[in-house]
Amino acid sequence: MAIHFKTKPGLVVYLTAGDPSIAATRDIAIAAIDAGADGIELGIPFSDPLADGPVIQRAMDRAVHHGVSLANVLALAAEIRDARPDAGIILFGYINPILRFGLSKFVDAAAAAGADGVLVTDLIVEEAAEYLAEMKRANLAPVFLAAPTSPDARLKAIAENSRGFIYAISRVGITGAQQSMSSDAASLVARIRQFTKLPVAVGFGISNAEHVRAVGEFADAAVIGSAIVELIEHSTPDAAAGGVARFIQGLRRTVVAPTR
Amino acid sequence: MASVIIPSNPSQPTAGRFGVYGGRYVPETLMAALSELEQEYERAKADATFQAELDDLLHNFAGRPTALYYAKRLTEQLGGAKIYLKREDLLHTGAHKINNSLGQGLLAKRMGKQRIIAETGAGQHGVATATVCALLGLDCVVYMGEEDMRRQELNVLRMRLLGAEVRGVSSGSKTLKDAINEAMRDWVTNVRTTYYVLGSALGAHPYPTMVRDFHRVISREMKAQLLEKEGRLPTAIIACVGGGSNAIGAFYEFIPDKNVRLIGVEAGGRSGELGEHAMRFQGGSPGVLQGTFSYVLQDEQGQIASTHSVSAGLDYASIGPEHAMLHDTGRAEYTSADDQAALDAVVRLSRTEGILPALESAHAVAEAIRIAPSMQKHEILVVNLSGRGDKDMGILARELKIQGSNA
């Protein structure tokens, strides 16, 4: 459960595993970490990602078409862990492929691969008792989503059941770019902090330095997903790692300035 | 925090569970809306004014009660069990779907939600919801797979005429499953202002229970009509099962009557190969799709399989969770009819009784045609004729080579 945010805000990079290939995702992840990402969220491909916008849907489709399996994703996590022992690694997915793999077997394999935590988009705390027990057994961090629509009672339950950090959804909606940070995000993070000392990461629609800087005003980390997945989509497989590294270095330079 | 992924104690199901099936597998953003919906539905259910308004619309607008019709010529031709047809096809808009759309439309109005979204497969739920939105003065957006828009074009035109916006969905197999994904994405984005009228006994709690309750009227009427006409209960009730809304409505009041066989008919499609049919119980396994734990057609990686049926309304990879429970407990039986059997049943019912069934409902008719001859003459079969086939004329003309005036 070693997810440390070295800077404020920390940076977490989401990648759909296996898009454009498992080898490319490994190279991109390592380049992202070297460029300053504190952690990688490895998206497990699923045919019906109903919380995702068009960019991640297309990435999921490509990975599913390539036949990327959950076993492939776990092996990829292990490779990244071997290459970069200090980076945070979170497996990020939908429940059905995990159930199909076997919940207990998945948790064991994720721990063996060196993952720090797991986030299941369509698993709410009320349905998670068995999952939580397994995650605890394997000493993995369950990360839950908190939404601007979640009332305080739900945020309390989310805070009590999360480990590592809490993932706050920046605005009501699916993943994908937005123009500016909504005011939902800051008030959500403030509400979450009533219930926990855990770090809070903000994601969904964070796509540029301006957004990251805004998140840094009130949260501990920013998660960048669709913007990077789209960058990879528009790159050749060989150029993707370099492109992602430059993008993250650019964010680091403009956002994590020595004095603010 | 009582319920779990697969509850270890099915004898104590939590809210929204049918045995181990059902539950709520949704993004956190929707949870507040689902809780609000559940509470408001419970209040509406107990509210005599709400029920009276719904009953009035079901009677005066939709045309309830529907007839229970004795299919005399079909019965005589088959030479076995006595066949009755529950005429949901006679309802306004042409299918049972209006029962649920009226109920949920009134609920949306009660909750002060002006914007309505819905998904549709065959277009019957979309037409019913567009109709109710016109009636109640609500804004309506219907998501429909592009493949379904092509094969059920008449219903697309009807929805647009009624003032609804029909949004084509081009992802995945461009059918019902993809339309539900897109409707859920819309709901996640616009949840503060929007009511999602889900059209089958599917999805996250409270939808499977609520949709079933709005269709219970089918079996309630059926039971009273049979007791009046025959003075006894039927041997079996037969209904087609896509998501399962007409079937659960036709079964529900008979579940305690253990001697009444409940037979659900899935789409056998073109063959038994994965991707060529929608037989969730024969080809699927337990999993989570679109908010609920039930039987799902999927590959070994847990990716949802594509499906095929000549009928858009049965062309879906999962099935309502209450059916999953009825299947596992053995209370209901699930069988299948393939595309050809459904087409044959359309022709047979049209020419024997002068009734053109929807391709979906024709799957249930096909099962009656299959089993009636080997049954005794005193036995009674009731087929839930969930919809009429006018919408299918394009497919039927092509498949059956019926020529029009320009041929």
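**Figure 1. Chain B of the predicted model contains 15 helices and 14 strands.** The C-alpha atoms of chain B occupy a box of roughly 55 × 55 × 50 Å along the principal axes. A compact globule with 407 residues would have a radius of gyration near 22 Å, and the 20 Å of chain B therefore agrees with that expectation.

**Figure 2. Burial and sequence separation of contacts in chain B.** Buried residues make up 65% of the 407 residues of chain B. Counting contacts in chain B between residues at least 6 apart in sequence, 73% join residues at least 24 apart.

**Figure 3. Helices H2 and H10 of chain A cross at roughly 55°.** H2(A) spans residues 54–65 and H10(A) spans residues 226–233. Their axes come within 9 Å. Angles of 65 to 115 degrees would count as roughly perpendicular and those under 35 degrees as roughly parallel; H2(A) and H10(A) are therefore oblique to each other. The crossing of H2(A) past H10(A) is left-handed.

**Figure 4. Residues in the contact between H2(A) and H10(A).** From H2(A), the contact is made by A:Val55, A:Ile56, A:Arg58, A:Ala59 and A:Arg62. H10(A) contributes A:Ser226, A:Val229, A:Glu230 and A:Glu233. Sorted by class, the contact of H2(A) with H10(A) holds four nonpolar, one polar and four charged residues.

Key:
Residues numbered from 1 in each chain as written. Chains lettered and ligands numbered in written order. Predicted model: local features only at pLDDT ≥ 70, side-chain atom pairs only at ≥ 80, totals over all residues. Heavy atoms only, no water. Axes fitted to C-alpha atoms, helices over the stretch in contact; angles between N-to-C directions. Helix = DSSP H or I, 4+ residues; strand = E, 2+ residues; numbered from the N terminus. Parallel < 35°, antiparallel > 145°, perpendicular 65-115°, else oblique. Left-handed = near helix turned anticlockwise from the far one by under 90°. Contact = heavy atoms within 4.5 Å. Nonpolar A, V, L, I, M, F, W, Y, C, P; charged D, E, K, R; others polar. Rg over C-alpha atoms; globule rule 2.2 N^0.38 Å. Buried < 20%, exposed > 50% of the residue type's maximum accessible area, 1.4 Å probe, protein only.
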